[in-house]
Every structure is written in structure tokens, then in C-alpha cells.
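Dear colleague,

Please find the structure below. My notes on one helix and on the charged pairs follow it.

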Amino acid sequence: MVHLKQFGICIFLMAMACKETPSAQHEVTETSIVATEEPKKTALQLKEELTSKGFEIFDYVDEETKDTVLMQQYYIAFLKRGPNRSQNKAEADSLQALHMAHLGRMYEEGYADISGPFGDDGDIRGITIYNTPTLKIADSLANLDPMVKSGRLRIEVHPWWAAKGFPLR
């Protein structure tokens, strides 16, 4: 039963991570609505935009492709087993629903890029990658999670670098 619930959570989070980006525009034709992408920003435009918002970045030229790769600092929050795990099933289920609503809100507002539980029963229960300019903001958002507020989970946040715009494979 727990594995089925975790599977459902993974599907929800993957769907949230794959949803249409806010930069997509829609073209209405007589028979359908077609999504059209805005022109892709250059590395320089993206670099200026991120820097103006306070994000830590650096770039390098890929020797093979000669493309400029823009690296951005994200924040990875490890959701760890917390000290207060004495909730009964109804309380734990309610907290899980609130936890999922919190993560959904983080996606909707553009603060979280990917999230999910681990498949084992270890002390690290899952991760969320925050797309914020500072550790302080990521930590504050992670600590708003009802599971963390209740003590069922605790948060450990670390800076993490990744190439901007590269998909998971």
C-alpha cells in the first residue's frame, strides 16, 4: 500500500515537472489551439536576466559543440525523517495531503523544479530542487512544508549546480 501511494506521488510530481512552461504562447486556429514557443533566449539574455534577479551563475564553452553552457546554482532540499513521527494514520494522511499541496504550490509559483520520494525506507525520505536566488529563500520555502512544521520531516538544504535548461534523461 505504501509503495502504491509513493508511486502515485511520483506520477503527480512528474506531471507537475513536465507541465507546460509559462513561456509558451497559444495560437488559435479554426479547429484547435496550438502551443507555440517564444523565441529561445540567447545565453547572454538568459545570463543577464538571471543575474538581475540575484541568481548565482557561470558559463563555459562546450569544447565538442562550441555552445555556451550556462550553469545556475539551485538548492536541493533533502527531506529527512523528523523527530515527531507519532501521528496516527489519519493525521499522517492529512499531513501528506498538505505536503502535496505545498509542493504543488511551489511548482505553480515557480520555486520548485522537481521533487520526489526515495524508494527505500532510509532516513532521507525525498528531495525537492528549489529554483531560488538564495539559500535563505529556499530554506524558508522548504520549512513552510506542513510535514516539516509538524516535525514529521526535517530539512537539510545544499547549493547545487546544474546546466540551465537541460532536461532530465
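A salt bridge here is a side-chain nitrogen of Lys or Arg within 4 Å of a carboxyl oxygen of Asp or Glu. This is a predicted model, in which local features need pLDDT of at least 70 and side-chain atom pairs count only at pLDDT 80 or more, while totals for chains, interfaces and linings use all residues. Residues are numbered from 1 along each chain as its sequence is written, and side-chain values use heavy atoms, with hydrogens and water left out.

The structure holds 10 salt bridges. In one of them, K89 pairs with D93, with the closest N and O atoms 2.8 Å apart. K89 and D93 are about one helical turn apart, because four residues separate them in helix α3. Helices are DSSP runs of H or I of at least four residues, strands are runs of E of at least two, and both are numbered from the N terminus. K89 is exposed at 59% relative accessibility, and D93 is partly exposed at 30% (buried is under 20% relative accessible area, exposed over 50%, partly exposed in between; 1.4 Å probe, protein chains only).

Just after α3, G110 has a positive phi of about 85 degrees.

D123 and R81 also form a salt bridge (3.2 Å, N to O). D123 sits in the loop between β5 and β6, and R81 in strand β4, 42 residues apart. R81, D121, D123 and R125 are linked in a salt-bridge network.

Regards
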